Amino acid sequence: MKILGIETSCDETAAAIIEVKKDNPAVTLLSSTISTSMGLHAKTGGIIPEQAARQQIQYIIPVIDQAIGDAKTTPYEIDAIAVTYGPGLIGSLLIGIETAKTLAYVWKKPLIPVNHLIGHIYANFISGNSKLETRDSKNKWQMENDKWKIVFPALALIVSGGHTDLVLMKKHGSIEWLGGTRDDAAGEAFDKIGRLLGIPYPAGPQIEALAKSGDPKAFAFPRPMIGTPDFDFSFSGLKAAVYRQVQSMSDTDQKRKIKDLAASTQQAIIDVLIKKTLKAAEKYQVKSLLLSGGVAANQTLKERFALEIKNLKFEIGLFVPPAQLCTDNAAMIASAAFFNYKEVPWEKVTANPELYFD
Ligand code: KG4
Ligand code: ZN
């Protein structure tokens, strides 16, 4: 079957086609088109919802058209339409939802609404697109590609610009929320601290690039909530600490030390994410660890996770989608729809900007 995915929850307008063959449960990505209004938001230092929605209107039809064309398919061959119905910006969500509803009605296709957060997790279930690390029979660790081996129970860490959540997956459709951020999301921390350092939105990739030649121990920034017994996170204290540090420095000093500031910030965020995630992995004795969301595109985070899971006393597979499937995309929405196939009549599908985990 072929599923058309549509994602417009924030500043990306995305469409993708996945295919699953009858005798093989692997999800194959046929096409993924993403148009972003990020350039506009870089100028304003953050997303202006009205502007993002206006861009969505402009892009939505050409993006869907291209996804269908790139997949060398036709609307006739599409079996279902999946669309993000929340969480997200209301204006942006509505563009995707109303388009998906119209297409479902006109083309007479089933419509499957998808939770954006669950969508992020399902980027890992697109065949050949996750890297994983497993221990072989000789107890050696090795990186494997193109393997289809996510085993339940799995622990998913969603780290994006809007969310930081840890969820336990016992099987498809069975999701238990373990904890999340009490204030800023991990990506939001990167973006807000980036702003303090004069780095344009979204700051995550640039902080990562600067951090490569900086000293992560140069500044002793706090690791908020790292030792608490829950699975919650907090990043606003880190932001405040970086603010105080930057305030105490002259402009020239700040510029001179920007790589150290970036490296120390990144290290603090990564330390907390890893500590809490591995604590949950141990408690629930999970067999797979699935990273997802924009921050999972961070190479240092991935490498640290790959390193640290070796210290666990049990076997675990680490999965991380490639960078273009970590940040917002529609392939993950189509993938989530396939594994959680729940058709809803188009008249009943509405946007839910505050949607979280059920
Ligand atoms: O998943 P995503 O595209 O959108 C949301 O659903 O929020 O995530 C975007 C977030 C931004 O905060 C961005 O700064 C962060 O992901 N990000 C990164 C990296 N690439 C994107 N953060 C750290 N390192 C990166 N390489
Ligand atoms: Zn997202």
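User: Where does K108 sit, and is it buried or exposed?
Analyst: K108 is in the loop between α3 and β5, where helices (H or I, at least four residues) and strands (E, at least two) are DSSP runs, numbered from the N terminus. Its phi is positive, about 55°, although K108 is not a glycine. Buried means under 20% relative accessible area, exposed over 50%, and partly exposed in between (1.4 Å probe, protein chains only). At 74% relative accessibility, K108 therefore counts as exposed.

User: Before we go on, what kind of model is this?
Analyst: Residues are numbered from 1 along each chain as its sequence is written, chains are lettered from A and ligands numbered from 1 in the order in which they are written, and side-chain values use heavy atoms, with hydrogens and water left out. Local features need pLDDT of at least 70, side-chain atom pairs count only at pLDDT 80 or more, and totals for chains, interfaces and linings use all residues, as this model is predicted.

User: Which loop holds K72?
Analyst: K72 has a phi near 50°, a positive value in a residue other than glycine. K72 counts as exposed because its relative accessibility is 74%. Its place is the loop between α2 and β4.

User: What is the strand order in the open sheet, and which strands stand at the edges?
Analyst: Strands count as paired if DSSP finds at least two bridges between them. Five strands form the sheet, with mixed pairing, in the order β3-β2-β1-β4-β5, and the twist averages 20° from one strand to the next. Each edge strand has a single partner, so one side of it is left without a neighbour in the sheet, and these strands are β3 (27–36) and β5 (111–115).

User: Which residue of β2 stands opposite G5?
Analyst: Strands of a sheet pair through backbone hydrogen bonds, either parallel or antiparallel. β1 (residues 2–7) and β2 (residues 12–20) run antiparallel and are joined by six bridges. The residue opposite G5 is A16.

User: What angle does α2 make with β2?
Analyst: Helix α2 (residues 49–70) packs on the sheet and touches β1, β2 and β3, with contact meaning heavy atoms within 4.5 Å. Axes are lines fitted to C-alpha atoms, for helices over the stretch in contact, and angles run from 0 to 180 degrees between N-to-C directions. The direction of α2 and that of β2 make about 25°.

User: Are α5 and α9 roughly parallel or roughly antiparallel?
Analyst: Helix α5 (residues 186–196) and helix α9 (residues 258–284) pack with axes 11 Å apart, at an angle of about 170°. A186, A189, F190 and I193 of α5 make the contact with T265, Q266, I269 and L273 of α9. Angles under 35 degrees count as roughly parallel, over 145 as roughly antiparallel, 65 to 115 as roughly perpendicular and the rest as oblique. That angle is why α5 and α9 are roughly antiparallel.

User: How do the residues between α5 and α7 divide by type?
Analyst: The axes of α5 and helix α7 (residues 236–247) cross at roughly 10° and come within 10 Å, so α5 is roughly parallel to α7. K192, I193 and L196 in α5 meet L238, K239, V242, Y243 and V246 in α7. Ala, Val, Leu, Ile, Met, Phe, Trp, Tyr, Cys and Pro count as nonpolar, Asp, Glu, Lys and Arg as charged, and the others, Gly among them, as polar. For α5 with α7 that gives six nonpolar, no polar and two charged.

User: Which residues does Q254 contact, leaving aside neighbours within four places in sequence?
Analyst: Q254 belongs to helix α8 (residues 251–256). With a relative accessible area of 17%, Q254 is buried. Leaving those neighbours aside, its contacts are L196, V246, M249 and L261.

User: Which residues form the aromatic cluster?
Analyst: Rings of Phe, Tyr and Trp (its six-membered ring) pair if their centres lie within 6.5 Å; planes under 30 degrees apart count as stacked, over 60 as edge-to-face and the rest as tilted. The structure holds 11 aromatic pairs, including Y356 with F357, which is tilted at 5.4 Å centre to centre and 55° between the planes. Y356 is partly exposed at 32% relative accessibility, while F357 is buried at 12%. The cluster is formed by Y122, F125, F152, F338 and F339.

User: What is omega for the cis peptide bond between Y201 and P202?
Analyst: P202 lies in the loop between α5 and α6 (204–211). A cis bond also joins G86 and P87, with P87 in the loop between β4 (80–86) and α3 (90–107). For Y201 and P202, omega is about -10°.
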